Amino acid sequence: MKFKYKILKIAKDVIFKSKNDTTVYLGKPEEFENALNELGADGWEMAQIVDPKGFLGAGDTGYAIFKRQID
C-alpha cells in the first residue's frame, strides 16, 4: 500500500492570524470540527497528533497528520 500525507497546523489560541494563515484554532471547536469534516469528506484519515510544545501557552502549535491511500 502507498499513502499520501497532509499536515494540519493547530494551535491553542489565536494571537494573530494573517489572511494567509491556515492554522486551525482549538479555542474555536467548530473551526476544528469543520476542518476535520472537510478532510474526512476528501478521504483523509487522521493518523496522529504531534504536540511538540505541549500546548502550554497561547500560540503554541501542534500538528494533526492525516493520510489517505493512493493507487
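Modeller: Happy to! Let's begin with the surface: the accessible area of the chain is about 5,100 Å², and carbon and sulfur atoms make up 51% of it. Do keep in mind that this is a predicted model.

Biologist: Okay, and what share of the residues count as buried?
Modeller: That would be 23% of the 71 residues.

Biologist: Which elements have the lowest and the highest mean pLDDT?
Modeller: Strand S2, residues 24–25, has the lowest mean among the elements, at 82. The highest belongs to strand S1, residues 2–11, with 93.

Biologist: Let's back up a bit. How many helices and strands are there?
Modeller: There is 1 helix, along with 4 strands. Starting at the N terminus, the order is β-β-α-β-β.

Biologist: And how are the strands arranged in the sheet?
Modeller: The 4 strands make an open sheet in the order S2-S1-S4-S3, and the pairing is mixed.

Biologist: Which ones are the edge strands?
Modeller: Those are S2 and S3, the latter covering 45–50; each of them pairs on one side only.

Biologist: What about S1 and S4, in which sense do they pair, parallel or antiparallel?
Modeller: Antiparallel, over 10 bridges, with S4 spanning residues 61–70.

Biologist: Remind me, what do strands of a sheet pair through?
Modeller: Backbone hydrogen bonds, in either a parallel or an antiparallel way.

Biologist: How much of the contact count comes from residues 24 or more positions apart?
Modeller: They account for 53% of the contacts in the chain with a separation of 6 or more.

Biologist: New topic: aromatics. How many aromatic pairs are there in the whole structure?
Modeller: The search finds 1. It is formed by Phe3 and Tyr5, whose ring centres are 6.5 Å apart.

Biologist: Which charged end sits over the ring of Phe3?
Modeller: That of Lys67, and it lies 4.5 Å from the centre of the Phe3 ring.

How values were computed. Residues numbered from 1 in each chain as written. Predicted model: local features only at pLDDT ≥ 70, side-chain atom pairs only at ≥ 80, totals over all residues. Heavy atoms only, no water. Helix = DSSP H or I, 4+ residues; strand = E, 2+ residues; numbered from the N terminus. Buried < 20%, exposed > 50% of the residue type's maximum accessible area, 1.4 Å probe, protein only. Contact = heavy atoms within 4.5 Å. Areas by Shrake-Rupley, 256 points an atom, 1.4 Å probe, with all protein chains shown as cover. pLDDT = per-residue confidence, 0-100. Phe/Tyr/Trp six-rings, centres within 6.5 Å; stacked < 30°, edge-to-face > 60°. Lys NZ or Arg CZ within 6 Å of the ring centre and 35° of its normal. Pairing = 2+ DSSP bridges.
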